[in-house]
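Keep the viewer open and follow along.

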Amino acid sequence: MVVSEYIKYVYNSKGRHAFHSPFVYDFKDKCLTLELNDLFLRERKKQQKGLKLDTSSFEMKDFGAGSRKLQTIRKVNEVYKSAATKGAFLQVLSQLSGYYKPKNVLELGTSLGVGTFALTYDSERVVTVDACPITQQFAKKYFPETTAKVAFVNDTFQHFIENDSTIYDLIFIDGHHDGEALRNYLNLLEKNSHDETIFILDDIRWSSSMVIAWNEIILDNHYHLSLDLFKFGIVMKRHHQNKQHFVVRLKNVLKSLL
């Protein structure tokens with residue numbers, strides 16, 4: 001399914017000059033070309049190196065769809081290799097935070113904190129939620145010295161959202177990977193978002209249920225803007241604009257999935 005979906009993505013994706021929407025042209029031309037500073041890149045590299053070399057084994061609590069490659073007893077470096085956001089997609093997280101400068105960011109699914117750190121780039125505050133306390137311990141162990149702006153919360157997504165009243169400018173749903181659950185989280189997060197909140201949906205092609213959910217979200221009139229970046233889907237309410245959907249071409253997509 002992934003191969004056929006990738007072929008469709010490449011066929012339908014467009015470069016910067018194909019977009020007539022000012023917001024999307026700006027996203028492609030400025031946000032996705034934003035260069036990250038050297039200090040941040042060095043800290044990111046140090047974090048990734050530590051996780052790659054850590055062979056510690058631990059029992060992981062997984063409340064989502066689970067890993068298709070790993071057992072419950074897992075090694076840190078294997079989790080990093082299999083589950084961490086990498087390459088072009090990791091870059092996109094930081095470019096979104098760097099260009100739009102969100103005040104409040106929510107991440108559902110800390111894992112080892114690689115995506116979490118990416119989201120700290122020029123954002124004011126990041127709240128990251130994960131149900132597995134041991135995984136979060138490893139995330140904290142290798143997290144660069146910016147933890148003051150990050151709140152690590154050990155909780156299930158459902159319970160956290162139901163009890164949280166914060167309004168977020170950017171929300172990254174990076175866990176569970178089930179289509180029905182994704183739609184449920186989006187509905188629950190309605191109270192935590194505004195008209196310009198950027199929703200980043202991870203692994204929209206993880207399974208048939210995720211593909212179905214993504215296609216339903218694209219058609220949902222509640223979201224007037226949707227962007228397909230192959231692994232990521234981005235949706236925004238933006239009720240002041242006409243409903244539009246774009247397939248955005250990214251470089252090194254396949255390399256970033258390995």
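Strand E3 is mostly covered, with five of its five residues buried (buried means under 20% relative accessible area, exposed over 50%, partly exposed in between, using a 1.4 Å probe and protein chains only). Helices (H or I, at least four residues) and strands (E, at least two) are DSSP runs, numbered from the N terminus. This is a predicted model, in which local features need pLDDT of at least 70 and side-chain atom pairs count only at pLDDT 80 or more, while totals for chains, interfaces and linings use all residues. Residues are numbered from 1 along each chain as its sequence is written, and side-chain values use heavy atoms, with hydrogens and water left out.

Which residues of E3 sit on each side? Asn104, Leu106 and Leu108 are buried on one face, and Val105 and Glu107 are buried on the other.

Now for the strands beside it. E3 pairs in the parallel sense with E4 over five bridges, and E3 (residues 104-108) also pairs in the parallel sense with E6 (residues 168-173), over four bridges. Two strands count as paired if DSSP finds at least two bridges between them. Glutamate 107 has a bridge partner in each: threonine 128 in E4 and phenylalanine 172 in E6.

Zoom out and you get an open sheet of eight strands in the order E5-E4-E3-E6-E7-E9-E8-E10, with mixed pairing. Its edge strands are E5 (150-154) and E10 (244-247), each pairing on one side only. From one strand to the next, the twist averages 15°. Helix H5 (residues 87-100) packs on the sheet and touches E6, E7 (193-201), E8 (225-229) and E9 (232-236), its direction making about 25° with that of E9. Helix H7 (residues 133-141) also packs on the sheet, touching E4 (125-130) and E5, and its direction makes about 160° with that of E5. Contact here means heavy atoms within 4.5 Å; axes are lines fitted to C-alpha atoms, for helices over the stretch in contact, and angles run from 0 to 180 degrees between N-to-C directions.

What about the core? The largest nonpolar core has 51 residues, and those with the most contacts inside it are Phe27, Ile200, Leu227 and Leu229 (such a core is a set of buried Ala, Val, Leu, Ile, Met, Phe, Trp, Tyr and Cys residues joined through side-chain atoms within 4.5 Å). H5 gives the most to this core, with five residues. Apart from it lies another core of 26 residues, among them Phe157, Phe160, Ile217 and Tyr223.

Take isoleucine 200, which is found in E7. Why does isoleucine 200 count as buried? Because its relative accessibility is 0%. Not counting residues up to four places away in sequence, isoleucine 200 touches several residues, including Leu93, Leu96, Phe172 and Ile234.

Phenylalanine 27 brings in helix H2 (residues 22-29), where Phe23, Val24, Phe27 and Lys28 are buried. Seen down the axis of H2, the buried residues fall within an arc of 130°, so they line one face of the helix; the arc is that of the directions from the helix axis to the C-beta atoms. Their cover includes H5, E8, E9 and E10.
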